Amino acid sequence: MIQNFDYHTPTRVIFGKGVVDQLPTVLRPLGKRVLLTYGGGSIKRTGLYQKVIELTKEFEIVELSGIEPNPKYNPSVLDGVKLCKEHNIDMILSVGGGSVLDCSKAIAAGAKYDGDPWDLIIYKVKTNDALPIVDIMTLAATGSEYDAGGVISRTETNDKVAYIDPHLYPVCSFLDPTYTFTVNAKHTAAGVADAFNHVLEQYFCAHHNMVADGFCETLLRTLIHYAPTAIAHPDDYQARAEIMYTCMYGCNGILELGNSPSGWPMHSIEHALSAYYDITHGEGLAIITPRWMRHILSDRTLERFVSLGTNLYGIDRNLPPMEIAEQTIERTYKFFESIGLPMHLRQVGIDESRINEMAHHIAAEGLDNPDNRYVALSEAEIAQILTNSL
Ligand code: NZQ
Ligand code: ZN
């Protein structure tokens, strides 16, 4: 049965070639003092930094640069909060990928809180306010541009925490696909795997509906169709635009309206991999996805595999359902492999030595609770999935 829902995404999305020219109009009502956040320098190499500086001449700009992939609480979030307080910042302008935006979200909330911002990130204290955030996305992957979440890493405790709160929705996201032309093949493929996995996390659930299924299948079809082109021809506008448009729907809940929750188990597992080994999120997901699928395949879950396999991959409906399910897993694996993604943990520098420790860490998130999980996973099962991924 279709479940009740209450849906609201307050983010304005401005999509297309040249849209960044509207930046001053969007920023003006938000104030005068801007914290400009960015990563390790890609925006300087592409010329976008210079463009942003020209467009924001009428504002007072304070910069926070060097935000890491898998953004770190210390130093990036703490430094950003300090700058906001010192300079009485009115808004944050995030220019970069999901890591820069996620970090900016945590800074935005931390700037409006007197205590240790970590309290907000782990929900020890409720988030009551945040600075407004505007972003210019330069990488298609996370969907952070259209959602209320940010994922923050704390190196000393091997934590990588998803922080989700309605105050974290960006006010406005600029999505110009031409700014993703310079994303290399590795990060293009990782972004596609991330978005692909976001859809699967929501597709595999107990109560689903035809609208959600169709929406999910269309997004997956788009990624499969355009990823090879974006990798072979990085400046193919149509391919980059279709991928960017797909990615924005990943995590804002629109794909699971009317569904029962799935619990996002593959993300819980991957976040531990990137927390312990600082690997690229989408690569970790590409490795975990087919192993998780195989692990949860049973008579109870079979229908989801058959639906995905026949609708997405066009597998013959007359085959035995278990055969369709096996082929669905195989086709998913092959797609990731075909776009150059690593498919074994060893390829990203992870061996068996910390599997039990990671499984223990992941299990603490409550993956074994059948009330809010499509398929509950015990600590031993998580360790098995990781071992099967080696
Ligand atoms: O730091 P710079 O120099 O900008 O380089 C980045 C970085 O090295 C580079 N890059 C970005 N845009 C580029 C570019 N290089 C050339 N040209 C461009 N136009 O790409 C590298 C990776 O960037 P990053 O921002 O880390 O990638 P992504 O957007 O995939 O973000 C990954 C982070 O988002 C989290 C992940 O866990 C990870 O920490 N997630 C956030 C989610 C959310 N907020 O909703 C959901 C996701 O499931 C995910 O967990
Ligand atoms: Zn993800």
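These are my notebook entries on what I looked up in this structure, which is a predicted model.

**Entry 1: the two domains**

I began with the overall division of the protein. I found domain 1 at residues 12–179 and domain 2 at residues 185–388. Taking the centres over C-alpha atoms, I read a separation of 27 Å between domain 1 and domain 2.

**Entry 2: a sheet of six strands**

Next I looked up how the strands are arranged. I found an open sheet of six strands with parallel pairing, and I wrote down the order β1-β8-β5-β4-β2-β3. Which strands stand at the edges? They are β1 (12–15) and β3 (60–64), and each has a single partner strand, so one side of each is left without a neighbour in the sheet. I also noted the twist, which averages 20° from one strand to the next.

Strand β2, residues 33–37, runs parallel to β3, and five bridges join the two. For V34 I looked up the bridge partner in β3 and found I61.

Which strands does helix α4 lie across? I found this helix, residues 73–86, lying across β2, β3 and β4 (91–96). Its direction is at about 160° to β3.

I checked the backbone here too. The peptide bond from N74 to P75 is cis, and I read its omega as near 20°. I placed P75 in helix α4. In the loop between β3 and α4 I came to N70. This residue has a positive phi of about 55°, although it is not a glycine.

**Entry 3: where the domains meet**

I went back to the two domains to see how they touch. I counted 25 residues of domain 1 in contact with 27 residues of domain 2. The two domains bury about 2100 Å² between them, and 62% of that area is on carbon and sulfur atoms. Which residues of domain 1 lose the most area to domain 2? I found Y146, N158 and K160, which together make up 29% of what that side buries.

For links across this interface, I noted seven residue pairs in polar contact. How many salt bridges are there between domain 1 and domain 2? The count is one. I looked up the pair K72 and D278 as well, and they form a salt bridge with their closest N and O atoms 3.4 Å apart. On the side of domain 1 that touches domain 2, the elements giving two or more residues are β1 and β7 (159–164).

**Entry 4: salt bridges in the whole structure**

Last, I looked up the salt bridges of the structure and found 17. One of them is between the side chains of K105 and D147, at 2.9 Å from N to O. This pair links distant parts of the chain, 42 residues apart. I placed K105 in helix α5, residues 98–110, and D147 in the loop between β5 (133–137) and β6 (149–154).

Key. Residues are numbered from 1 along each chain as its sequence is written. Chains are lettered from A and ligands numbered from 1 in the order in which they are written. This is a predicted model: local features need pLDDT of at least 70, side-chain atom pairs count only at pLDDT 80 or more; totals for chains, interfaces and linings use all residues. Side-chain values use heavy atoms; hydrogens and water are left out. Two strands pair if DSSP finds at least two bridges between them. Helices (H or I, at least four residues) and strands (E, at least two) are DSSP runs, numbered from the N terminus. Axes are lines fitted to C-alpha atoms, for helices over the stretch in contact, and angles run from 0 to 180 degrees between N-to-C directions. Contact means heavy atoms within 4.5 Å. Domain bounds come from an automatic or database domain assignment. Buried area is the accessible area (1.4 Å probe) that two parts lose on being put together, summed over both. A salt bridge is a side-chain nitrogen of Lys or Arg within 4 Å of a carboxyl oxygen of Asp or Glu. A polar contact is a pair of N or O atoms within 3.5 Å; within protein, one must be able to donate a hydrogen and the other to accept it, and residues adjacent in sequence count only if both atoms are side-chain atoms.
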